[in-house]
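I set aside this notebook page for a slow look at one structure.

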Amino acid sequence: MSQPRIWFNGELVAYEDATIHVLSHVVHYGSSVFEGIRAYDTDRGPAIFRLEEHMRRLVDSAKIHRMDLGYSVDTLSEAVVETVAASGLASCYIRPVSFRGHGPMGVNPLKNPVHTAIAVWEWGAYLGAEAMEQGVDVQVSSWNRPAPNTLPAMAKAGGNYLGGSLIKMEAIKNGFSEGIALSVDGLLSEGSGENLFVIRDGVIATPPQTLSILPGITRDSVMRIARDRGYEVIERSLPREALYLADELFFTGTAAEVTPIRSVDHYTIGSGARGPITAELQAAYFEALRDTANPHGWLTFVSDA
Ligand code: PMP
């Protein structure tokens, strides 16, 4: 089966034709900003989850890195809808990426052209289907998140993921599914590609932006869902040992969705299985993704375009 077409600088091109030169700035210096979005199969066809918020974050990431994309949030959102529609996929993962292209060599990127591409593919549960029910085994990483005055964490930028890859590789080599990074101060931050939630005595806590986390859109969605259901949700600094003493832990992310954590550093969390609040929030999140009544206005239906 042929691969879906890729939107590249304003037009849909064949998968094979969406290529760049090896001397592009991004290849040498990691100068890209990107997004990860999902479209879900609903009774009204594919629905893209929180499209505008994702494209706004892309534009924010670009602004932080002084990249002029040349496209508005609206134009980028329309391009995503067009790419999903053209793919014919009922559900998919969507990857918009903007990057510095071929131009003068050297670190200074200001004269290199900026390109934007949007690709889609089918992608199941990021940390495994079984993990959604059973939970994952994770470790605290020996790698920290970057200090706030080094790589800006509010930008979802390619270069940031060199740190993420070290966290992920270390965890996999050690037999875990994922690593949790601490901030430079040794406080809980996030996973290599997920935000973190800690539940104890019915209170749901998550590390704040100041601890070098990506402002996750799933994190925001789950906080809103939890508050709507009457839970107390607080953004607060937490020490490492709060993981070990938690009743429940879970990750959130576009790819990871809501993934329970059943152990950290071989400490059993709660009963060692998905906890009841995690199960409730996970179910409510999955319902919101496919709810054609769209009570939060979170869904963009491809068929409406
Ligand atoms: N943190 C990092 C480092 C990530 O890469 C991601 C995935 N984009 C997240 C958190 C979760 O963000 P979101 O819910 O917006 O996908």
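Which element gives the most to the shell around the ligand? I looked it up, keeping in mind that this is a predicted model: the answer is α6, with 3 residues.

**Ligand shell.** I found two elements that each supply at least two residues of this shell, α6 (217-228) and β14 (248-253). Of the 14 residues around the ligand, I noted L214, G216, I217, T218 and T254 as those that come nearest. I then sorted the shell by residue class and got 9 polar, 3 charged and 2 nonpolar.

**Helix pair.** Next I checked how α2 (residues 51-64) packs against α3 (residues 73-87): the angle is about 125° and the axes are 9 Å apart. That angle is why I wrote down α2 as oblique to α3. The crossing of the two helices is right-handed. On the α2 side I listed L51, E52, M55, R56, L58 and V59, which meet V73, L76, S77 and V80 in α3. The residues of this contact divide into 7 nonpolar, 2 charged and 1 polar.

**Domains.** The domain assignment gave me domain 1 (6-121) and domain 2 (129-290). Their C-alpha centres lie 26 Å apart, and the contact takes 22 residues from domain 1 and 14 residues from domain 2. On the domain 1 side, β3 (32-34), β4 (37-42) and α2 each give two or more residues.

Terms used. Residues numbered from 1 in each chain as written. Predicted model: local features only at pLDDT ≥ 70, side-chain atom pairs only at ≥ 80, totals over all residues. Near = placed C-beta within 6 Å. Helix = DSSP H or I, 4+ residues; strand = E, 2+ residues; numbered from the N terminus. Nonpolar A, V, L, I, M, F, W, Y, C, P; charged D, E, K, R; others polar. Axes fitted to C-alpha atoms, helices over the stretch in contact; angles between N-to-C directions. Parallel < 35°, antiparallel > 145°, perpendicular 65-115°, else oblique. Left-handed = near helix turned anticlockwise from the far one by under 90°. Contact = placed C-beta atoms within 7 Å. Domains from an automatic or database assignment.
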